[in-house]
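Here is a short briefing on one protein model, written for a first look. Please view the sequence and the structure below before reading the points.

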Amino acid sequence: IWSSPYNREIKDIFYVQSEIAQLIADELKAFITPEEKQLIEKRPTTSLTAYDFFQRGREEHWKYWLKSDQEALEKAEDLYHQALKYDSTFAQAYTGLAWVSWDKHYWETFLTEGFLDSVLILCDIALSHDDKLSEAYTIRGRYYSETGNREQAIKEFDKALRFNPNDWLSYWLRGYLYYSYDLVKCIDNYNKAISLNLGEQLPSLLKSLSSAYVEAGFIEKAKYYNQEA
């Protein structure tokens, strides 16, 4: 539909990402609000080295989520810390550590009074550096979901999707929250998550959707999505 050559030396990946996003929006004649423009132009960090460590950490973290690879989780934690050595204000590195804390301590702290408080603290630190960081609100939403505060959890997921309408994880976690008491909303959110994520997490998302259809009594649909997974 649209293409443009970029035959130049790329010294600043964040500038190029922003430029491409705005050119596509112009081509589609999309109206961009001042807030959206600010989000497009936002730089996650001033250090490309920090960004590299963070991306490598995120890659290791996905290995853990997909394969329960404990060694990958340890590597992810180390790489997030490395990122913060180069930029101590890098908000996404703090949310990376929040997820690590969740994954490392979830089962041992679930029934304790201070359930995963470190997760909330790390998210608050991230938001002190970037109060429009979608993934920080996503993690907070999951925190409140797990601690039984559904209303606050929904508010946090809504904030996450306000700042990033393509946040598939927020849709998936919101669907998971609805699973126990509103299967219509659960299935709707799972479908939105699937429409936004065609990557290696897709089979897991399809299995979740299949389970929701089983619970709702639509066995043939459940079989279909299980086969798709």
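Predicted model: local features only at pLDDT ≥ 70, side-chain atom pairs only at ≥ 80, totals over all residues.

Residues are numbered from 1 along each chain as its sequence is written, and side-chain values use heavy atoms, with hydrogens and water left out.

**Contacts of Q22**

- Q22 belongs to helix α1, residues 13-27. Helices are DSSP runs of H or I with at least four residues, strands are runs of E with at least two, and both are numbered from the N terminus.
- Q22 and I40 are 18 residues apart along the chain, and their C-alpha atoms are separated by 7.7 Å.

**The nonpolar core**

- In soluble globular proteins, nonpolar side chains tend to be buried together.
- The largest nonpolar core here has 60 residues. Such a core is a set of buried Ala, Val, Leu, Ile, Met, Phe, Trp, Tyr and Cys residues joined through side-chain atoms within 4.5 Å. Buried means under 20% relative accessible area, exposed means over 50%, and partly exposed lies in between (1.4 Å probe, protein chains only).
- The residues with the most contacts inside this core are A83, F90, W102, L116, Y143 and L209. Helix α5 (residues 91-109) gives the most to the core, with nine residues.
- L209 touches I187, Y190, N191, I194 and Y225, leaving out residues up to four places away in sequence.

- W168 is found in helix α9. Is W168 buried or exposed? W168 counts as buried because its relative accessible area is 15%.
- Beyond its neighbours within four places in sequence, W168 is in contact with W62, A193, L196, N197, Q201 and L205.
- The C-alpha atoms of W168 and A193 are separated by 4.3 Å, although the two residues are 25 places apart along the chain.

**Cysteines**

- How many disulfides does the structure hold? The number is zero, where a disulfide is a pair of cysteine sulfur atoms within 2.5 Å.
- C123 counts as buried because its relative accessibility is 1%. C186 is also buried, with a relative accessibility of 0%.

**Pockets**

- Rolling a probe the size of a water molecule over the atoms shows where empty space is left.
- The search uses a 1 Å grid over the protein atoms alone: a cavity is a set of points where a 1.4 Å probe fits but cannot get out, a pocket is an open set with protein on both sides within 12 Å along at least five of seven lines, and lining residues have an atom within 4 Å of a point. Grid points are joined across faces, edges and corners, and a volume is the space filled by probe spheres set on the points.
- The largest pocket holds about 1,300 Å³ of space. It is lined by 40 residues, and Q92, S134, E135, F163 and N164 are the closest to its centre.
- The lining of the largest pocket divides into 18 nonpolar, 10 polar and 12 charged residues. Ala, Val, Leu, Ile, Met, Phe, Trp, Tyr, Cys and Pro count as nonpolar, Asp, Glu, Lys and Arg as charged, and the others, Gly among them, as polar.
- The second largest pocket has a volume of about 730 Å³. Of its 21 lining residues, Y64, W65, D103, R142 and W172 lie nearest the centre.
- The lining of the second largest pocket has 14 nonpolar, four polar and three charged residues.

**The cavity**

- There is one cavity of 30 Å³ or more, and the largest cavity has a volume of about 40 Å³.
- R142, S145, E146, F157, L173 and Y176 line the largest cavity. Helices α7 (134-146) and α9 (168-178) give two or more residues each to this lining, and α7 has the largest share, with three.
- By type, the lining residues of the largest cavity are three nonpolar, one polar and two charged.

**Two loop residues**

- S68 sits in the loop between α3 and α4 (70-86). S68 has a positive phi of about 55 degrees although it is not a glycine. S68 counts as exposed because its relative accessible area is 58%.
- S180 lies in the loop between α9 and α10 (183-196). S180 is exposed, with a relative accessible area of 56%.

Technical notes: Contact = heavy atoms within 4.5 Å.
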